[in-house]
Amino acid sequence: MKKTGWGFIGAGDIANRFMTGLVQVPDTYLAAVYSRTYDRAKSFADKYNAKVYATPEEMIADRNVDIVYVGTPHTVHKENTLMALNMGKPVLCEKPMAPNAEQVSEMIQTARRKKIFLMEAMWTRFFPAMEKIRSWLKDGRIGKVQLVIADFGYYERENPSHIIFNPDTAGGSLLDVGVYTIAFAFMVFGKKPNRVTGLADMTSTGVDAAMGCTLGFEGGGLALLYSAVNTDTTQEAQVIGEKGRIVIPRFWSPKEAHLYLGGKLEESFKQEHAGDGYQFEIAAVLEDIRKGRLESELMPLDESLAIAEVMDELRKQWGLVYPFE
Ligand SMILES: NC(=O)c1ccc[n+]([C@@H]2O[C@H](COP(=O)([O-])OP(=O)(O)OC[C@H]3O[C@@H](n4cnc5c(N)ncnc54)[C@H](OP(=O)(O)O)[C@@H]3O)[C@@H](O)[C@H]2O)c1
């Protein structure tokens, strides 16, 4: 079998971390890299014996690039993704897929029109612990789910030039890490919410430093979600049902999950993984592409759009409009 070659747009923090997963997956490799700063792209590419290009078009056109990975700031995801799709290459695009639903919708429409694979890199979905949680839920182990509680907060000193605090790069906790809490609630309830309400504390730069929201799901069931870039939180998720609950420490890249029934620990799942754990997502994407699928069953495009719509609604309630909108 021919090895699958990846072409990276962006050579920053996530590109480096993603590579710790990619090197663990057989029959795949980094073929080429483009980043705005040539020297940055070159030193990254040299580490993995990959080619480096001065323009994204040349990089995407490299015949060894079978799939493009977009690891640039949120505000360039659409431009990078559309370029790759229009050049006929499948795309794995970092989360959030784009800063708003309008952009996400354009990306999805292009992928569908061109019949090319596209996925938002919601890597949380692909961990073995998440597979176990989905099986506990499917088997009704905790009964009807009434509540999801999830938080993802970390502390970063406020710095207006950092992409997380800059409105020009769609900064704020919601798009950076709140998206994980929302995607988790979507996975548990298996549908989009029909009610969304939230509050935010803003930074001096005008993006959300922290946000809390409630999602309500048809047929009953609530999600209480929190994200922050000004506070370290437990980063834990709980799924509470009529008969029991599931607790997931560090739910966004889990190594364990615990099932409690009647207040007592009934079952624990634990699995260590090497590196950060991007290998599970990467292996799943490779399988989809090799089998000719146009989207991921675990992270479908309609769900990426619905998540973006929830985030749009929350920002609307807070009056947070990015300068480019
Ligand atoms: N899945 C995860 O676990 C995870 C973790 C962290 C981040 N992310 C996501 O990954 C994305 C990037 O975050 P990051 O932390 O890696 O940011 P970062 O460290 O600032 O890296 C961004 C990269 O994109 C390049 N870039 C910036 N503007 C560009 C443009 N206009 N055109 C082309 N390249 C451009 C930068 O290159 P230059 O320096 O040359 O400009 C840099 O190589 C974000 O959307 C974030 O949400 C995901």
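## A tour of rings and helices

Start by selecting Tyr322: at 1% relative accessibility, Tyr322 counts as buried (under 20% relative accessible area, with exposed over 50%, partly exposed in between, a 1.4 Å probe and protein chains only). Now click on Phe324, which is partly exposed, with a relative accessible area of 34%.

You are looking at a predicted model, where local features need pLDDT of at least 70, side-chain atom pairs count only at pLDDT 80 or more, and totals for chains, interfaces and linings use all residues. Residues are numbered from 1 along each chain as its sequence is written, and side-chain values use heavy atoms, without hydrogens or water.

Next, the rings. The structure holds 18 aromatic pairs (Phe, Tyr or six-membered Trp rings with centres within 6.5 Å; planes under 30 degrees apart are stacked, over 60 edge-to-face, the rest tilted). Select Phe18 and Tyr69, a stacked pair with 3.9 Å centre to centre and 10° between the planes. This pair links distant parts of the chain, 51 residues apart: Phe18 lies in helix α1 (residues 13-22) and Tyr69 in strand β4 (residues 67-70). Helices (H or I, at least four residues) and strands (E, at least two) are DSSP runs, numbered from the N terminus.

Finally, select Arg245 and Tyr260. The charged end of Arg245 sits over the ring of Tyr260, 4.4 Å from the ring centre (the cut-offs: NZ of Lys or CZ of Arg within 6 Å of the centre and within 35 degrees of the ring normal).
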